[in-house]
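Q: Hi, could you go through some charged pairs with me? I'll start with one residue and then jump around a bit.

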Amino acid sequence: MLLASRSFCCLGIRTYQLQTDLFSRSIKLSASATMAFRHKNARRIEGLESNMWVEFTKMAADPSIVNLGQGFPDISPPNYVKEELAKASADDRLNQYTRGFGHPSLVKVLSQVYGRVCGRKVDPLTDILVTVGAYGSLFSTIQALIEEGDEVIIIEPFYDCYEPMVKMAGAKPVFIPLRYKNNGNSASSADWVLDPAELADKFNSKTKAIILNTPHNPIGKVFTREELQVIADLCIKHDTLCISDEVYEWLVYKGNQHIKIATLPGMWERTITIGSAGKTYSVTGWKLGWSIGPQNLIKHLQVVHQNMLYTCSTPLQEALAQAFWIDYKRMDDPDCYFYSLSRELESKRDRMARLLQDAGLKPVVPDGGYFMIVDVSTLNVDLSDVDAKQAYDYKFVKWMITSKKLSAIPVSAFCGSETKRQFEKYIRFCFIKKDSTLDAAEVILKNWNKQTA
Amino acid sequence: MLKTTCLLIPKLPLGLPGFEAALSYSKVGGENVVNISLDTSENSINMKGRKSLKLFCLSLQAKMSRPVQSRRLEGVDKNIWVEFVKLAATYSTVNLGQGFPDFPPPDFLKEALVTALSGENHMLHQYTRAFGHPPLVKILAQLFEKLLGQELDPMTNVMVTVGAYQALFCCFQAFVDEGDEVIIIEPFFDCYEQMVTMAGGTPVFVPLRPKAPENGKMMSSADWKLDSAELASKFNERTKAIVLNSPNNPLGKVFSRGELELIADLCVKHDVLCISDEVYEWLVYDGKEHIRIASLPGMWDRTVIIGSAGKTFSATGWKVGWTVGPNRLLQHIRTVHQNSVYHCATAAQEAVAQGFQRELMLYGKPDSYFVQLPKELQKKRDWLVQSLDAAGMKPIIPEGTYFLLADISNFKSDVPDVPNSDEPYDSRFAKWMVKNKGLAAIPLSAFYCGAHKNNYSHFIRFCFAKEEATLKAANDILQKWKQEKTSS
């Protein structure tokens with residue numbers, strides 16, 4: 001009876017499992033009245049259970065560890081942002097459901113800010129969806145527009161959720177690595193580029209979308225207009241969508257400009273641009289993000305959203321809206337948080353780079369974002385006796401956490417299986433940290449050389 | 001991108017392979033359309049046939065172009081709330097439609113949020129543990145240990161979600177595959193059908209059927225029951241899960257122990273998962289008991305319990321919910337969660353944890369919000385029941401939740417029947433009522449599947465979690481309306 005019902009599935013492995021389940025179940029039945037649920041998880045999540053963040057955040061949770069791993073600030077959000085949430089929490093009218101696709105005052109201000117940035121009219125009701133973090137926007141976009149039979153191009157290294165989300169939608173991720181153009185060591189995120197011919201080769205009739213992340217996590221690359229044009233040309237030629245993860249859009253350093261691919265000719269109609277309150281206002285715990293794009297695409301994201309969580313938190317959206325109004329009004333002023341935060345972070349970036357250089361390392365100085373990757377192979381830490389199957393950077397970070405009390409994230413975690421070996425000598429540091437945290441990191445890095453000498 | 005639509009002529013056979021098909025291409029408003037006409041001889045397309053036709057269309061369409069959106073969105077794009085919420089916002093003076101309180105959450109909860117945010121610890125603005133803020137999962141585990149009479153591990157038996165809505169989504173995504181059937185009891189909270197469909201499953205409906213009450217008595221939600229033979233007939237080897245909602249929205253039914261045992265026996269017999277939506281668990285009246293199906297023999301291992309801070313603490317806008325269940329099931333729900341939203345907002349979780357601390361300390365005592373809220377709501381229920389009865393609408397007294405249904409048959413003359421209308425009568429009635437009387441309610445047909453929308457065409461649902469002033473204003477509208485009818 002059980003076997004017959006699964007006839008449409010691939011038979012080999014599944015029938016074997018069903019047979020063993022049936023066998024063990026009959027034993028259980030005779031042993032007790034309680035029967036364990038025999039059904040497996042749905043196919044869509046097969047193989048997606050592991051998540052490296054779970055492991056690394058647990059390891060770094062020990063307060064004695066200087067945590068430069070997971071990407072969140074330990075600096076305070078600006079006072080006015082905290083005040084707006086305090087105000088919203090005290091307002092009785094904000095404790096119940098708001099509009100599903102986005103709180104009216106929030107989508108209104110987002111349409112103003114992004115209308116200005118994109119140089120076009122953005123309709124607050126049809127061109128915007130508010131989601132639970134940029135993470136939720138990525139999920140809604142992929143669920144709405146990607147399915148079995150599709151291919152999605154992912155640039156490596158990549159924010160790790162792209163791959164499982166594409167797989168969960170039943171599609172095939174197609175990877176293309178950033179490669180450094182100078183032979184030997186690279187000193188800047190700008191040294192890491194896509195090979196245009198290699199990129200063109202990845203596009204075919206099955207390519208539904210490419211996921212772009214600029215400024216880029218983990219390298220910190222800010223794609224130039226020319227680089228974006230190469231991608232745009234291919235999108236237009238192959239009629240491909242572009243999912244543009246721009247959560248670090250305000251964090252670009254001197255000499256660089258964040259350009260929205262959606263503003264390039266022919267791109268608005270095929271691009272979903274994703275943003276994040278957490279990264280914009282240093283409030284990752286608010287978990288609010290948004291997708292912006294043409295109505296004919298956003299409407300499908302809205303369908304996913306209404307079938308997934310329906311509406312996001314009211315007080316948080318209201319507080320965010322008020323914070324955005326404050327900064328929208330001063331977008332011509334250098335004190336606007338969108339610019340002042342990147343100035344604050346630039347000095348932290350420079351300090352982090354110096355610390356690593358003083359320790360004998362060659363960091364890749366990022367043009368944007370708040371991460372920095374560094375090649376640790378020059379430290380010559382021998383971990384060959386540890387689990388050979390694990391990538392070197394995983395082993396290194398675990399060793400560094402336990403023996404140096406400093407945490408980072410292995411960059412191979414951001415790579416597809418074939419590219420992992422290429423990046424396994426790199427680890428990622430997060431530098432949106434208060435001075436005392438960076439001071440503590442400095443102490444560890446200074447002493448590192450002393451201990452190994 | 002060019003869009004194509006594959007037109008399927010329904011109820012045709014599909015022998016595999018090599019059915020006779022005539023293809024034609026045409027442009028429809030700029031979109032390329034593929035027309036396929038097939039030979040008729042039988043009456044049904046089976047699952048295999050449907051799937052193979054889809055694949056056939058796909059391989060055809062891949063050469064040309066396809067709709068931009070994924071197929072999983074087919075049939076789930078409509079949403080009655082979008083329409084009715086808009087109508088209420090535009091026309092209503094008294095909104096008893098969408099289910100949320102118009103009174104504030106209790107002071108202790110609001111204070112908890114304000115305190116959390118004003119403290120020195122600004123890290124409440126940053127990510128917390130993805131599967132649930134530690135203080136919240138710990139207190140939920142403690143509470144449910146008490147309620148279920150069994151040991152719970154906060155890290156593996158509890159997961160926090162963005163409202164109960166997202167908890168439901170995670171359950172269906174975690175367990176429902178194409179070909180799986182999920183039993184849904186009608187009337188049902190409308191998202192169940194949508195979510196099962198989006199997960200590729202087949203919803204199978206079984207209705208609660210009303211029995212006429214004893215002479216002279218008003219109908220109660222307890223008078224609506226499942227037919228046990230009918231329910232049993234819905235279970236088969238394809239049945240993956242049954243969704244239970246007790247207390248039930250929109251009817252207000254609180255399933256009795258006997259009724260739950262009936263469902264439990266079938267779940268155990270057919271080895272089926274139970275998704276138990278218990279968001280209204282504290283809102284039970286007349287001394288009735290909310291029984292948790294997970295506490296019945298054989299059920300813990302196969303049940304996922306879903307709860308809501310929004311309903312528990314009258315704070316629907318906070319969007320904090322949870323799942324409780326065995327690790328064997330929650331592990332898959334965690335997988336969906338970590339690949340969809342990953343973290344939930346921190347501050348609200350901290351405040352809800354504080355709220356639960358208080359409630360656990362006061363459990364069973366008169367000061368407990370879990371005691372006071374149902375007491376208050378019962379009064380409001382009785383008030384609205386009286387009000388509707390006096391006006392000539394026939395209410396069904398709910399045993400739980402903050403909803404009740406009312407039979408509007410006596411008011412049918414105001415909204416004439418339109419034969420051949422696609423829209424169910426109660427939906428047209430509710431729209432007319434909000435536009436002309438300013439009173440918003442939700443038609444019962446919204447809580448039935450497409451095929452059954454006309455089964456009960458003269459009920460509308462009222463939400464009574466409203467301030468006294470709101471309920472009085474509703475009464476004024478109803479009385480005036482009644483007077484207009486009797487004087488005309």
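Q: Is A:Lys87 buried or exposed?
A: A:Lys87 counts as exposed, at 52% relative accessibility. Here buried means under 20% relative accessible area, exposed over 50% and partly exposed in between, with a 1.4 Å probe and protein chains only. This is a predicted model: local features need pLDDT of at least 70, side-chain atom pairs count only at pLDDT 80 or more, and totals for chains, interfaces and linings use all residues. Side-chain values use heavy atoms, leaving out hydrogens and water, and residues are numbered from 1 along each chain as its sequence is written.

Q: Which residue does A:Lys87 form a salt bridge with?
A: That is A:Glu84, with the closest N and O atoms 3.1 Å apart. A salt bridge is a side-chain nitrogen of Lys or Arg within 4 Å of a carboxyl oxygen of Asp or Glu. A:Glu84 is buried, at 9% relative accessible area.

Q: Where do A:Lys87 and A:Glu84 lie?
A: Both are in helix α4 (residues 79-90) of chain A, three residues apart, about one turn of the helix. Helices are DSSP runs of H or I, at least four residues, and strands are runs of E, at least two, numbered from the N terminus.

Q: Switching to chain B, what does B:Arg292 pair with?
A: B:Arg292 forms a salt bridge with B:Glu278, the closest N and O atoms being 3.7 Å apart. Both residues sit in the loop between β11 (273-277) and β12 (303-308), so the pair ties together parts 14 residues apart in sequence.

Methods
Chains are lettered from A and ligands numbered from 1 in the order in which they are written.
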